[in-house]
Structure formats: C-alpha cells, structure tokens
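Please keep the viewer open as you read.

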Amino acid sequence: MNEKFNDFKNKATAYWKDRSEGQKRLMVGSVFALLFIIVVISIFASRTNMVPLYQELSQSEVGQVKGELEARGIEYEITDGGTTISVPAENAESLLVDLAAAGIPESGNIDYSFFSNNVSWGMTDNEFDMIRVDSMQTELAALMSSIEGINDAKVMINIPEEEVFVSDDQQQTSASIVVNTEPGYRLEAGQVEALYNLASKSVPNLTNENIAIMDQNFEYYDPESSDAVAGAADYTQQQETKKQIERDIQQRVQKMLGAMMGPGKAVTSVTADIDFTQEKRKEELVESVNPDEMEGLPVSIEKIEEAYTGGGAPGGVAGSGDEDVQNYPGEDGEGPGDYEMTKETVNNEFNRIYKDIEESPFKIRDLGIQVAVDTASGQNENGELEYLTEAEQEEVSGEIDTLLNSMINTSINTQYEENVNPEDSVSIVFQEFQGASFTEEESKKIPLWIYIVGGLLILGLIFLVFRIIRNRRTEEEYYEETAPATTVSEPLPDMEDRDDEAARRKKQLELMAKENPEDFAKLLRTWISED
C-alpha cells in the first residue's frame with residue numbers, strides 16, 4: 001500500500017514539475033473557482049425564498065401578524081422600517097387566506113360597512129354620531145390615499161352639536177388633515193385643490209376656510225399659495241422661453257454678420273416681445289358648396305303644378321285674409337277663367353365644418369435688434385489702422401438693415417405684422433472697438449490651459465511606459481545573473497577502454513535519445529531524483 005502511495009506521489013510530483021508556471025496557475029485557479037461555485041450553489045440552495053406577505057402596515061398591524069406567525073411557528077422577516085413582513089414563498093398564499101379568515105390584521109378603523117354589520121336597537125344617538133364621524137374620517141382618508149404621491153392620510157373632523165335654539169353665533173364644521181407623502185414628492189396645485197374639494201364635498205357644512213392640510217414635514221398646503229406657486233412657475237417658464245428665443249435669433253444674426261464682415265467685427269443684441277396668451281376655441285362653420293354662387297348642394301326637389309280652365313274660376317274672398325287662397329279670384333267672378341299654379345321646393349345641403357383650435361403657447365409680437373459695428377477695417381502697409389469711410393458705413397448699414405428687416409418679417413407672427421415697422425426695430429451703431437469682442441467662433445476655441453494639462457498628461461503617460469519597460473529589462477537581467485550555472489562534466493575516458501556492458505548501455509542511451517527524446521528525459525529525471 002505504501003509503495004502504491006509513493007508511486008502515485010512520485011508520478012504526481014513529476015507531473016506537477018513538468019507543468020509550466022501558467023499551467024500551474026490555471027490548475028490552482030480552476031480548483032479554487034470550482035470550490036467557490038460549489039459554496040455559492042450550496043448557500044443559495046439552502047436559503048429560504050422569502051416573499052412579502054403584507055406591505056405598508058402600521059406598527060400595530062405588524063405586531064398582530066407577527067404574533068400569529070410566531071404562534072404557528074412560521075419563519076418571517078420584517079423589513080422596510082417595520083412596515084413589510086415576509087414569509088417563505090411556499091407558505092405565502094395559504095397564510096393570506098388563513099389570516100384573512102381570522103380577521104388579521106385589524107386596522108382599528110371604522111368604515112361605512114360597520115353600520116351594515118353592527119345594527120342594533122340599543123345604540124344611542126351619541127354612539128351613532130361618534131361611529132358616523134369615525135367612518136367618515138376613515139373613508140375620506142382612503143380617498144386621499146389614492147391620490148398619486150400620497151402614501152397615507154389621517155383625517156380629524158370636528159362637527160359641532162346642533163343647538164336647540166336658533167342663534168346668530170353658529171359654530172362651523174372644521175377638519176384637520178395630515179398626509180404622508182412619498183420621499184421627495186411635491187404636491188402640485190391641482191392635487192392640493194383636489195384634497196380641499198374632497199374634504200369640503202364629503203363633510204356637510206365644511207368650507208375650504210375651515211380645512212387645514214399639512215404633510216409629515218409640517219409643510220402647510222394652501223390653495224391660494226399653490227395658485228401663486230403655479231403662477232410663479234408659469235412666469236419662470238415664460239422668461240426662459242423668452243431668453244431662448246432671443247438667444248437663438250442673436251446666434252443666427254451673429255453668424256451671418258460674421259460671415260459678411262469677418263469674426264469680431266460686429267456685436268449683436270436682441271430683445272423680443274412675446275405674447276403668451278394661448279387661445280382655445282371651437283368653431284362650427286357652415287359654408288356653401290359653391291362659394292362663387294353661394295349655393296348649396298340640392299338634396300331633394302319638390303315641384304307642384306296646377307292648371308284650371310272653365311267658366312267661373314274657383315275662388316274665394318278677394319284679398320289675403322286668414323281663410324283666403326292666394327291667386328284665386330273672388331266668388332263674384334263672371335265669365336270664363338283660366339288658372340295656373342307652379343310651386344317648386346328645393347332642399348339644399350351646405351358644408352358643416354367643426355374645428356377645435358388650440359393656438360401656439362406663444363407668439364413673437366415684436367423684435368428689437370441692436371448691432372454695433374467696428375469702424376476699424378484693418379491695417380495698412382505701415383501698420384497703421386484704417387477706418388471705414390462714411391460711404392462704406394452707409395453701404396454696410398444698408399446691407400445689415402436689409403438682412404435684419406427680412407429676419408424680423410419672417411419671425412414676427414402675422415397677427416402683429418401691421419403694427420410693426422422693421423425699420424424702427426433695427427439700430428446700427430458704428431464704433432471703434434476698444435477690446436477684443438467675444439464671438440461664437442472664439443467661444444469654440446480650446447483654452448490654453450487645456451493644452452497644458454493635456455501635454456502634462458501625455459508626458460506622464462510616456463514616463464510611466466518608460467518605467468515599466470525599464471523594470472522589465474532589470475528583472476530579465478536579474479534572472480539571467482541568478483540562473484544556475486551549467487556544470488561541465490569532465491571528459492569521460494574512452495568507452496573502448498571499458499568493458500563491453502558499459503559500451504552497450506551507452507549505445508542504447510544514444511539510440512533512445514535520438515528516437516524517443518521524451519522517454520530519455522523522463523529517465524534522466526528519475527535518475528536525478530533517486531540520486
């Protein structure tokens with residue numbers, strides 16, 4: 001047994017020594033990876049899959065469920081700050097049914113279903129009033145909790161007692177409401193108004209003035225302040241829109257002037273008058289099918305023709321009374337008479353157009369564009385500055401004026417074109433610039449410090465690569481110096497001087513080294529290990 005173990009040990013040792021460093025690392029890493037996978041699988045296999053049984057419970061409700069689970073000996077976990085209780089997945093469905101049948105958890109609140117389940121003749125008026133108010137509070141809190149962003153709500157209603165005698169000093173109903181909002185959520189003006197409407201419409205004789213609503217952070221919600229906040233938000237949005245329109249027009253004008261006169265030769269400023277009146281209207285129009293003749297499309301035509309020939313034409317009382325027949329002669333007509341009547345009725349159909357029109361949220365009512373042009377045109381041969389002459393200034397002013405007038409005409413809404421004179425909306429000033437003007441092209445240039453930082457980073461990277469290469473070379477030289485020196489054995493005496501057995505072994509070893517070098521190497525390693 002020991003011989004087999006030693007033989008296996010020697011083979012394993014020889015196999016391990018034959019492997020390279022990379023193969024050894026791969027084998028060791030594979031063993032550790034396999035052990036890690038086995039440990040992870042065993043942990044997940046033995047772990048119980050817990051699923052939420054109830055969520056967003058109060059502390060009293062969690063206590064009821066916890067006591068019931070402990071009595072049944074079922075494993076559980078309480079998470080989310082004590083509001084969620086989880087149980088094993090295989091027990092979740094059956095526990096839901098069993099706990100619901102046992103009436104667990106009990107919230108302690110009274111809703112309107114209490115009256116249908118607990119009607120008795122022995123209930124007094126005071127008890128009935130208390131239960132009615134409590135149920136009203138519960139139902140109102142449930143309605144408010146259904147609004148987006150509100151997790152829970154608490155409602156307290158104060159209804160004054162009815163006085164026996166009528167007096168001028170009548171107490172009014174009041175309500176206090178505390179809402180528990182989601183973390184970081186801000187109630188909008190419409191949601192605040194909905195809370196006030198729910199309370200005032202649900203409780204008799206309750207007005208908005210007698211309602212107080214706040215959140216868990218003691219922030220008071222007032223419908224008037226909410227409207228003011230909404231108005232401020234609208235004003236901020238309108239100002240942002242106005243700035244964006246002015247910025248876009250300014251960039252377009254600056255780009256065109258830069259292409260005409262060169263970069264830095266002109267500076268522009270734009271002011272816009274914006275109409276934020278948004279109109280919504282509904283139109284019901286009736287138009288003729290043929291607009292030229294203002295006629296409709298005939299749908300039905302009715303034509304009646306009557307004719308009479310003979311003595312004494314039929315008639316009635318001459319005139320146009322209530323019982324008179326038009327175009328009939330009187331009864332006292334004498335002699336032969338003829339009668340003809342033609343009546344035609346045409347029913348026409350017209351185009352009926354229904355339009356729901358919503359205007360744009362803003363319209364450009366007027367534009368003001370101010371342009372400052374540098375009078376310096378360049379340098380002469382002597383290095384002196386040259387300036388634009390009056391004729392050149394007039395020519396440049398005319399070109400800029402034509403360009404800006406066209407832009408104003410295309411930007412202003414057609415509703416206000418009649419009230420706007422483009423020539424009065426453009427102001428051009430010629431002035432020598434004292435300093436370099438900031439243009440869009442210059443804004444796109446990369447600052448000098450970025451080049452400096454980039455150069456330092458490149459130098460650092462080159463230095464790091466140089467150090468790595470140098471360290472590698474130093475390590476290689478160290479390995480070469482510390483490598484064991486190969487020993488040169490002394491020359492053996494000629495095999496011919498020895499016996500025939502040694503010469504025969506030498507020939508066999510030489511033949512094995514030529515034909516099977518791997519077996520020869522193994523044989524040498526075996527001899528070395530034995531020595």
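Which helix gives the most to the lining of the largest cavity? Helix H8, residues 223-261, does, with four residues; helices here are DSSP runs of H or I with at least four residues, strands are E runs of at least two, and both are numbered from the N terminus. Before going further, please note that this is a predicted model, in which local features need pLDDT of at least 70, side-chain atom pairs count only at pLDDT 80 or more, and totals for chains, interfaces and linings use all residues. Residues are numbered from 1 along each chain as its sequence is written, and side-chain values use heavy atoms, with hydrogens and water left out.

The structure holds one cavity of 30 Å³ or more, and about 30 Å³ of space lies in the largest cavity. On a 1 Å grid over the protein atoms alone, a cavity is a set of points where a 1.4 Å probe fits but cannot get out, while a pocket is an open set with protein on both sides within 12 Å along at least five of seven lines; lining residues have an atom within 4 Å of a point. Points are joined across faces, edges and corners, and a volume is the space filled by probe spheres set on them. Among the residues lining the largest cavity are Gln 254, Leu 257, Met 261 and Lys 265. Its lining divides into four nonpolar, four polar and one charged residue, where Ala, Val, Leu, Ile, Met, Phe, Trp, Tyr, Cys and Pro count as nonpolar, Asp, Glu, Lys and Arg as charged, and the others, Gly among them, as polar.

Now look at the second largest pocket, with about 640 Å³ of space. Of its 20 lining residues, those closest to the centre are Arg 132, Ile 159, Pro 160, Glu 161 and Glu 162. Helix H6 (125-145) and strand E4 (150-158) each supply at least two lining residues, and H6 has the largest share, seven.

E4 also leads us to an open sheet of four strands, ordered E4-E5-E6-E7 with mixed pairing. E4 and strand E7 (220-221) stand at the edges with a single partner strand each, so one side of each has no neighbour in the sheet. E4 pairs with strand E5 (residues 174-181) in the antiparallel sense over eight bridges; pairing needs at least two DSSP bridges. Asp 152, for example, has Asn 180 in E5 as its bridge partner.

Finally, how far can you trust the coordinates? The chain's mean pLDDT, the predictor's confidence in each residue from 0 to 100, is 76, and 79% of its residues reach 70 or more. Over residues 436-444, pLDDT stays under 50.

Conventions: Contact = heavy atoms within 4.5 Å.
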